Amino acid sequence: MPYWQPPPPGSSKLNVDGSHIPSSRRMGVGGVLRDANKNWISGFSGFQGIGTVVEAEFLAVLTGLEFAWQKGVTHLILELDCLEVVSEINQPSSMPSHPNYVVICNIRDFMNRNWEVTLQHVARDANRPADCLAKLGTSCEISFLDWNDPPPQVDTLVLQDSLCPG
């Protein structure tokens with residue numbers, strides 16, 4: 001089973017995820033920021049309106065970049081479990097007809113700021129705390145919650161990650 005890996009020393013890792021409830025089309029986002037010692041730095045969750053699961057994934061990346069920037073991170077590894085979104089963002093350009101074109105452009109603008117950002121795909125099993133926070137986001141009416149400590153639903157998952165080798 002794949003497990004979460006800490007970033008190298010001097011870097012932070014942000015795992016993000018988007019969540020979507022098909023019946024209501026509610027979208028939520030979530031993310032977990034940790035350091036090279038596997039310590040929780042902060043997390044976020046929030047409701048992002050009505051849309052698609054892919055849109056929720058793109059919004060999770062954008063929200064995560066804004067979050068990490070505001071936290072003063074200078075070396076960031078951003079991971080998510082949606083290969084389609086990672087591939088689209090890492091392409092040199094997107095077509096203006098892409099349904100998420102504006103969000104993709106905003107993501108690229110954030111990535112090109114004065115910091116080092118690496119965007120990469122990760123297995124779903126290595127992204128469980130972010131997934132849990134994103135699901136919390138679908139069930140609330142608040143667009144952004146900053147978690148200084150992991151909420152109870154996430155605490156056990158973060159602890160399990162910290163016990164993995166790496």
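**View A. The buried residues of helix α4.** P129, A130, C132, L133, A134, L136, G137 and T138 of α4 are the buried ones in this predicted model. That is eight of the 11 residues in the helix, which spans residues 128–138, so α4 is largely enclosed by the rest of the structure. What do these residues pack against? Their partners are the strands β1 (12–21), β2 (26–35), β3 (40–50) and β6 (145–147), plus helix α5 (152–163).

**View B. The open sheet, strand by strand.** Six strands line up in the order β5-β4-β1-β2-β3-β6, and their pairing is mixed. β5 and β6 sit at the edges, each pairing on one side only. On average, neighbouring strands are turned by 20 degrees against each other, ignoring direction. Helix α2 packs on this sheet, where α2 touches β4 and β5. The direction of α2 makes about 140 degrees with that of β5.

View C. To get your bearings, look for S19 opposite G28 in β2, and for D17 opposite G30 in β2. Four residues lie between the strands, and R25 in the turn has a positive phi of about 65 degrees. β2 itself is mostly covered, with nine of its 10 residues buried.

**View D. On to β3.** G31 has F44 in β3 as its bridge partner. Which residue of this hairpin takes a positive phi? K38 does, with a value near 70 degrees, and the hairpin has four residues between its strands.

**View E. The largest nonpolar core.** This core holds 32 residues, and L14, V61, L65, L76, L78, L80 and I107 touch the most other members. At least two core residues come from each of β1, β2, α1 (53–70), β4 (75–80), α2 (83–90), α3 (101–111) and β5 (116–121). Helix α1 gives the largest share, 10 residues.

**View F. Zooming in on L80, then on a second core.** Setting aside neighbours within four places in sequence, L80 is in contact with V16, E57, V61, V85, V86, L119, Q120, H121, V122 and N127. There is also a second, separate core of eight residues, V32, C132, L133 and V154 among them.

Key. Residues numbered from 1 in each chain as written. Predicted model: local features only at pLDDT ≥ 70, side-chain atom pairs only at ≥ 80, totals over all residues. Heavy atoms only, no water. Buried < 20%, exposed > 50% of the residue type's maximum accessible area, 1.4 Å probe, protein only. Contact = heavy atoms within 4.5 Å. Pairing = 2+ DSSP bridges. Core = buried A, V, L, I, M, F, W, Y, C linked by side-chain atoms within 4.5 Å. Axes fitted to C-alpha atoms, helices over the stretch in contact; angles between N-to-C directions.
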